[in-house]
Amino acid sequence: MNRRLIVNGAVWLVLLTAAIWLPLLGGYMALASRVLIYALGAMALNLLLGFTGCMSFGQAAYFGLGGYGAGLFLTHLGSSSVLAIVAGTLLGGVVATAFGPLIMRRRGIYFAMITVAISQIFYFIAERWNDFTGGEDGLSGFSRQPLHLGFATVPLDSVAFYYFVLFFFAVGAGVIAMLLHSPLGHTFIAIRENRRRAQFLGIHVERYVWASFAIAGFIAGLAGALNALQNNFISPANLYWVESGNFVIMAVLGGMRNFWGPLVGAIIFIGIQDYVSSYFPNNWQSFIGVLFVIAVIFFPTGILGILRQRVKVA
Amino acid sequence: MQLLLFDGFNGLIQGAFYALMALGLSLIINLNSVINFAHGGFMVIGAYLAFSLAPYIGFWGALFVGPILAGAIGLIVERALVQYMYSRPDPVYSLLLTFGLALIIEDSVRSIWGAQGVPFQIPAGLGSPVSATYFFLTGYRLFVMGAIVVATLALFAFLRLSRFGIRIRAGILDLETVSALGVNVYLLRTVNFGIGILLAGFAGVLAAGVFQLVPTMGNDVIMATFVAIVVGGLGNLFGSVLGGLLIGLAAGLTSAFYPVASDVVIYVIMAAVLIVRPRGLLGQEGMFE
């Protein structure tokens, strides 16, 4: 109990002080914002993958939909960054909720196949609906708006935007943490541990899988909306199944049984991606592929899983 | 009418490719319990190997050697990497592994053969249309249809009639019992993986003559292959063939009436099948439910 407090305190302290220590290490704030955004997306996925035991391979769909929701809101409806994020969160979440019933009955590799195939629907819609979504070129021409706090107006430059993202990251992470400590979260874990026994106990497993899928959709939508605001751009690539794979590898690399695993995974993944793509612009895809293979063969429990084993042994 | 026939035939030939890919992928899913995300990548390998070999050994030689080389690479990959995934009950690992392989394959193909599409020479005699009215029926396309039918029948004959094929089918039903009866199930799984990849390589060589040969050609095919398997029903090889033909035909006919939706229609069909009949058209009840 005590250790958990220390770990959580340390994580938040590190995240809150990033503006101070990151430039000293040669990093830049936009990179830190990106890490947080992808970490939030991977944490949403991990609610399904690590805590409900459902292998979702289509999380990019709801991440991308969140982005389109935010981008389209800023293009057509209004000029408020916060409302754009609400719009993106709702779009990702509502679509996930609507498609949940198609998905919830299956498990294992079949669950993965269906989630990835369904995610392709939104990819092709985004890619083909030129007038509305910008088609293959993506949606651009919107920009994040300054924040009106009543007493002051804050322009979202890179440092301010980092704290803006951190706020929503905290909201998302807080929701997941509260959920995992609630009876609902305990039911998710029960389903992960033994689906059949949970069923025998009278738990409507399918409904809970649906709930988990829907919640993960809302939070992925939130992360996607932040992503659109960060880049002032959203493209169909954010909906593609390769992006879904990126979220899965972040969760697995960090440790999918750990609450903070996806954050650690996102730090490593985004860091390597940033480093490799600037030094080997033509072949970074191979590096990511090799990272996948190495992670699967050597670090199946993830970085935090290995650390936790070490701590327990010592 | 003629345009409809044209799009219908295009769809059918596309569907035949999906069916052939889905067959191989189904075999691997059923016996090896691995979703092979790199299946499209292996198809591309087969196609590009044939492209490089064709100037030396001719089209017919390449059609034969390309898939075999792809299958051999599949065997090596299974021995070197995939086999370590069998003992892990969580499917996430095999998925990520083959996903990583797919990225590596696509990138390697792009580095070796270039990102631009390359032309693939088909035998001169097969290039011309069979009749003037049905201009789209080139000899090569008819040959492709025939070759896919022959390959499918050969696979079913192998699974029904040969000792090894019967063991594969028995292993799909109950691998533990087959193992207890003294069959080397490691060899069984390795060879099965190789056969699946061989079929993908064969599809790749045939596809090279019909579609443009580009490094990314596997990406869209792999998703359509998933859809074919889900529509046809997991655990049933006939279902995979049926699903492949069905979605190919649907995509072809949609492009006649409403071309913008031709990519998305197969996923809509899948969603509809999942609502009406969640196990797929010919799927076994209770599998992964």
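## A glycine in a loop of chain A

Let's start with one residue, Gly50(A). Setting aside neighbours up to four places away in sequence, Gly50(A) is in contact with Ala251(A), Met256(A), Arg257(A) and Gly261(A). Gly50(A) belongs to the loop that links helix 3 (29-49) and helix 4 (59-77) of chain A.

Is Gly50(A) buried or exposed? Gly50(A) is buried, because 26 other C-beta atoms lie within 10 Å, and a residue counts as buried when there are 20 or more. Arg197(A) stands 147 residues from Gly50(A) in sequence, and their C-alpha atoms are 18 Å apart in space.

For the complex, the predictor gives an ipTM of 0.84 and a pTM of 0.89. Chain B has a mean pLDDT of 87, with 94% of its residues at 70 or more. Where pLDDT is low, the predicted coordinates should not be read in detail.

## Two helices crossing in chain A

Now look at helix 5 (residues 81-103) and helix 11 (residues 205-231) of chain A, whose axes come within 7 Å and cross at roughly 150 degrees. The crossing of helix 5 of chain A with helix 11 of chain A is right-handed. Sorted by class, the residues of this contact are 18 nonpolar, 10 polar and no charged.

## Where chains A and B meet

How many residues does each chain bring to the contact? Chain A brings 37 residues and chain B brings 36 residues. On the chain A side, helix 6 (108-128), helix 12 (241-254) and helix 14 (284-298) each supply at least two residues. Helix 6 of chain A gives the most, with 14 residues. The side of chain A that touches chain B is made up of 26 nonpolar, seven polar and four charged residues.

## The largest nonpolar core

The largest nonpolar core has 197 residues, and those touching the most other members are Ala117(A), Leu20(B) and Val227(B). Leaving out residues up to four places away in sequence, Leu20(B) touches Ile148(B), Ala151(B), Thr152(B), Leu199(B), Phe202(B) and Ala203(B).

## A glycine in a helix of chain B

Finally, visit Gly139(B), which lies in helix 5 (residues 139-161) of chain B. Gly139(B) counts as partly exposed because it has 16 C-beta neighbours inside 10 Å, a count between the limits of 12 or fewer for exposed and 20 or more for buried. Leu126(B) is 13 residues from Gly139(B) along the chain, and their C-alpha atoms are separated by 4.4 Å.

Conventions: Residues numbered from 1 in each chain as written. Chains lettered and ligands numbered in written order. Predicted model: local features only at pLDDT ≥ 70, side-chain atom pairs only at ≥ 80, totals over all residues. Contact = placed C-beta atoms within 7 Å. Helix = DSSP H or I, 4+ residues; strand = E, 2+ residues; numbered from the N terminus. Nonpolar A, V, L, I, M, F, W, Y, C, P; charged D, E, K, R; others polar. pLDDT = per-residue confidence, 0-100. Core = buried A, V, L, I, M, F, W, Y, C linked by C-beta atoms within 7 Å. Axes fitted to C-alpha atoms, helices over the stretch in contact; angles between N-to-C directions. Left-handed = near helix turned anticlockwise from the far one by under 90°.
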